[in-house]
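Please read them alongside the coordinates.

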Amino acid sequence: MTTIDPTAHLTAEQIEELGRELDVIRDEVIADRGEKDAAYIRRVISAQRKLELASRGVLLFSIFPPAWLLGTAGLSVAKIMDNMEIGHNVLHGQWDWMRDPKIHSTTWEWDHVSPADQWKHSHNELHHTYTNVIGKDNDLGYGIMRVDEDQKWHPLHLGQPLWNFVNACFFEYGIAAYDLELGKNLQKRHRRNPEFRARAKAVGRKIRKQVLKDYVIHPLLSGPSFLTTLAATFTANLVRNIWSHSVIMCGHFPEGVQVFERQSVNGETRGQWYLRQMMGSANISGSRAMHFMTGNLSHQIEHHLFPDLPSNRYAEVAVKVRALFEKYELEYVTGPLPKQVLSAWRKVFRLSLPNKKPKGKTPAREKELVAA
Amino acid sequence: MTSAALRSRAWKLLEMVTTPLLPSDYLDLVSPLRAGADLRGRIEAVHPETGDAATVVIRPGRGWRGHTAGQYVRIGVDVDGRRLWRAYSITSPTDRQDGRITITAKAIPDGKVSNHLVHRATPGTLIQLDQPTGDFVLPQARPAKVLYLTAGSGITPVMGMLRDTEFDDVVMVHCAPQPQDVIFRDELHGLVADKKLRLTEVHTATDGRLDIARLGELVPDWAERETWACGPAGLLDAAEEHWTEHGVQERLHTERFRPRIVVAGDDGGEVTFSATGKTVDADGTTPLLDIGEEAGVLMPSGCRMGICFGCVTPLRAGAVRDLRTGEITEAEPGVLIQTCVSAAAGPCDIER
């Protein structure tokens, strides 16, 4: 964290005015939501299902290498679409306004080992409300990494590049463990909590179903292609996991993104909340295909400002939001995917080591961070 | 193993193949009207009837159980991307050979669904259907003399009856502003020419409203006739009074197109939490989540600022206002509201 507050030049009135201007942008989209948007998400859902079906079909013959390659690529894309542009956004309630019970945050389930309702709690509620607040937003380092110079270094952090890599490969399991708050809940006094046990059971059920489908049923259906189909599904899950981990790292880890102290959210106004979302998120620049494959999380800043606006509208909203960044002289952190991924990884490596030069910091902040 | 058990095993296996989706999610892609699917219909044609009324031909899904003349069906139509449900009388006869059904909609001012059906609906569109229902139907034993008393779009259930069942002695009194506003006019006149119907048109723009007290001038033997009446509330209220006055109320059957009366105000209203049976007063600015929690109702909650959708709850009746946008949401089947950013806009019922 830089010791210079990048928002120090703004007065309280300016921050509230900024909030009002953002509200206007939101209201414009809400008033304009309609048939085209509904048609968009229906088209995406239908395309995803057809692609998955076709890829699984091709994989029945995955004993032939070209079929393996084609099926694996197709299945990887289908799984990414399911998790990113569809699952993540539907579970945010972005499409609830359509009143279609089949495309609704309360009924959707995704191709992921974390059950939708648990993910909604940890992601929509905790992460989006307390974005980048140390000790409250566990997405910061997923509770297993040191992500800020002001966090106390421990020799265990030396391994964090490795944890992060393993987490990337098995990201959906990492998310499930994270949604369960496994670190905390495996402690003796929490382990027997009936609520935790019920949730752990639900995760177990979901994992069993997912594993059975990907690694038993579909390979069995492939007969002689059993092993190659198994390898294909494993690869598709790996590709999906590494891809989503990379996209998500780009959202809050790259250099230039701010983190916040626990007290900073006490009595936060709407304008301040918006400002924290702006300073705590980073975008990925790129083509329309890139935006689509990231589930429009390439527009992470816009998504954090307006998590419930339909994802297909973030691109147009981004133009207006960026203008506000310029108007209020704030840094709009963005860059192409490789640059952002590298930036985030560099931070993971750098913070695995103790700080080069100890910084002067207030004892209160030190205590705060230790407690976190 | 019985075939039913075998089928259920096969289905279980199929569910494992498609997890976390259901096999039906994939089948819907190719065959949304198949047996076993959620009941849907496909619009096959839209025929204009008058300047502001149209008949919609619908091919119902295989699960359709068929209707009785005079019944209505609830349909769910996506208007501007949002699914809205309304009830319409079925105007097709029950023995239609091609299995299609028709409804006839009259566009009412500001009516979202009726205007959509009359002016914008296109063939090929899928709509949601419920099974037909309603007891505004003909009895098993045919009455000797029948009177149909209708006004405006109130003619639609009666048209369903006229097309379905022939009687020896049928009189119809129908009210519409002008001749060109009479829905199904050509067909009605055809029935008259074939001597299957005696028809009196009351053109309210020139003749004024029908005075029920003077119905005897149009249909001298009205009191002896089994009567089916459908139209605006004013007409039906007057008819019920008239029939009761003459002691023949059991001969009168009415169907009301209930206008949804929602009192949406700024002052809040009485909130009922129907699952817990609690009722409290709410102002127009306090989120319903807070109101419920204060009343001791176990409310689902989350971010408390409208972003996480952790608090969505069915709105069973009444209206609420979105505290961020001022938008009013009225209760309809399937409508869920975010209680943390919604306040009462008049009396309402929350399913908690």
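1. Trp163(A) is found in helix α5 of chain A. Helices here are DSSP runs of H or I with at least four residues, numbered from the N terminus. The model is predicted: local features need pLDDT of at least 70 and side-chain atom pairs pLDDT 80 or more, while totals for chains, interfaces and linings use all residues. Residues are numbered from 1 along each chain as its sequence is written, chains are lettered from A and ligands numbered from 1 in the order written, and side-chain values use heavy atoms, with hydrogens and water left out.

2. Trp163(A) also belongs to a nonpolar surface patch of about 860 Å², together with Ile144(A), Leu156(A), Leu162(A), Phe165(A), Val166(A), Phe170(A), Tyr173(A) and Phe234(A). Helix α5 (residues 160–169) of chain A gives the most to this patch, with four residues. Patch residues have over 30% relative accessible area and no salt bridge, and nonpolar side chains (Val, Leu, Ile, Met, Phe, Trp, Tyr) are joined within 5 Å; areas come from the Shrake-Rupley method with a 1.4 Å probe, only the protein chains shown counting as cover for residues.

3. The axes of α5(A) and α10(A) come within 7 Å and cross at roughly 125°. Axes are lines fitted to C-alpha atoms over the stretch in contact, with angles from 0 to 180 degrees between N-to-C directions. The two helices, α5(A) and α10(A), are therefore oblique to each other (under 35 degrees is roughly parallel, over 145 roughly antiparallel, 65 to 115 roughly perpendicular, the rest oblique). On α5(A), Asn164(A), Asn167(A), Ala168(A) and Cys169(A) meet Leu238(A), Asn241(A), Ile242(A), His245(A) and Met249(A) of α10(A), contact meaning heavy atoms within 4.5 Å. The residues of this contact divide into five nonpolar, four polar and no charged (Ala, Val, Leu, Ile, Met, Phe, Trp, Tyr, Cys and Pro are nonpolar; Asp, Glu, Lys and Arg charged; the others, Gly among them, polar).

4. Helix α10 (residues 226–252) of chain A also packs with helix α15 (residues 337–350) of chain A, at about 80° and with axes 9 Å apart. That makes α10(A) roughly perpendicular to α15(A). The residues of this contact comprise seven nonpolar, two polar and no charged.

5. Asp37(A) forms a salt bridge with Arg313(A), the closest N and O atoms being 2.9 Å apart (a side-chain nitrogen of Lys or Arg within 4 Å of a carboxyl oxygen of Asp or Glu). The two residues are 276 apart in the chain.

6. The Thr19(B) to Pro20(B) peptide bond is cis, with omega near 5°. Glu329(A), not a glycine, has a positive phi of about 50°.

Notes:
Patch = residues over 30% accessible without salt bridge, like charges linked within 9 Å, V, L, I, M, F, W, Y side chains within 5 Å.
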